[in-house]
Amino acid sequence: MIYTQPELPYAADALEPAISRKTVEFHYGKHEKAYIDNLNSLIEGTEYEDMELEEIIRHSDGALFNNASQAWNHIFYFFSLSPDGGGEPTGDLRRQIDEQFGSFEDFKKAFVQAGVSLFGSGWVWLSKDLDGKLFITQGSNAESPLKQELTPLLTFDVWEHAYYLDYQNRRADALNALWKVVDWDVVEGRY
Ligand code: MN
């Protein structure tokens with residue numbers, strides 16, 4: 001199997017001002033492309049060649065895990081965003097957020113705080129377990145909730161390459177701006 005990069009369902013400048021055209025072009029167009037290219041060369045001629053990407057992530061480590069997971073994470077991240085996003089979640093997901101975190105505002109604070117307090121590169125995740133209970137987790141580098149038998153619902157990329165062109169060292173500002181472009185329809189669908 002040869003993995004290809006899915007085209008984003010929006011233009012590179014469509015998430016401005018939360019994320020600039022330049023960042024989308026570098027982040028998705030260059031960083032994500034490199035992870036996919038590396039993944040393809042690492043699986044060629046191996047037992048992983050015919051596995052689904054999520055299976056590779058669950059059953060690999062080292063360079064293959066890092067590139068497979070990063071390939072998956074970035075597609076998941078960019079497809080959670082939309083120029084028509086923002087607003088607030090509704091339905092079952094909203095009820096669960098309110099029950100566990102007190103309010104949507106408190107959830108957002110906890111999520112951003114988890115992203116800001118992650119030392120170095122990684123991701124902050126909202127996931128659910130089989131009972132629908134929500135978890136906010138930090139993952140260094142390419143770490144994935146898929147390894148913990150959780151279902152990922154939403155992630156913010158906290159690698160510097162995700163925000164440095166637009167926000168330099170201001171990670172909290174970069175993360176808070178993302179609330180304006182989160183596609184809650186997509187996130188609720190995953191829940
Ligand atoms: Mn990234």
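This is a predicted model: local features need pLDDT of at least 70, side-chain atom pairs count only at pLDDT 80 or more; totals for chains, interfaces and linings use all residues.

Biologist: In what order do the strands of the open sheet lie, and is the pairing parallel or antiparallel?

Modeller: In general, strands of a sheet pair through backbone hydrogen bonds, either parallel or antiparallel. Here 3 strands form an open sheet, ordered β2-β1-β3, with antiparallel pairing. The edge strands are β2, residues 134-140, and β3, residues 151-157, each of which pairs on one side only. Neighbouring strands are turned against each other by 25° on average, direction ignored.

Biologist: How many bridges join β1 to β3, and which residue in β3 is the bridge partner of V124?

Modeller: Strand β1, residues 122-128, is joined to the antiparallel β3 by 6 bridges, and the partner of V124 in β3 is F156. Helix α4, residues 91-101, packs on this sheet, where it touches β2 and β3, and its direction makes about 80° with that of β2.

Biologist: How do the axes of α4 and α5 cross, and which residues make the contact?

Modeller: Two packed helices are described by the angle between their axes and the distance between the axes. The axes of α4 and α5, the latter spanning residues 104-116, come within 8 Å and cross at roughly 75°, which means that α4 is roughly perpendicular to α5. On the α4 side the contact is made by R94, I97, D98 and F101, and on the α5 side by F104, D106 and F107. The residues of this contact divide into 4 nonpolar, no polar and 3 charged.

Key. Residues are numbered from 1 along each chain as its sequence is written. Side-chain values use heavy atoms; hydrogens and water are left out. Two strands pair if DSSP finds at least two bridges between them. Helices (H or I, at least four residues) and strands (E, at least two) are DSSP runs, numbered from the N terminus. Axes are lines fitted to C-alpha atoms, for helices over the stretch in contact, and angles run from 0 to 180 degrees between N-to-C directions. Contact means heavy atoms within 4.5 Å. Angles under 35 degrees count as roughly parallel, over 145 as roughly antiparallel, 65 to 115 as roughly perpendicular and the rest as oblique. Ala, Val, Leu, Ile, Met, Phe, Trp, Tyr, Cys and Pro count as nonpolar, Asp, Glu, Lys and Arg as charged, and the others, Gly among them, as polar.
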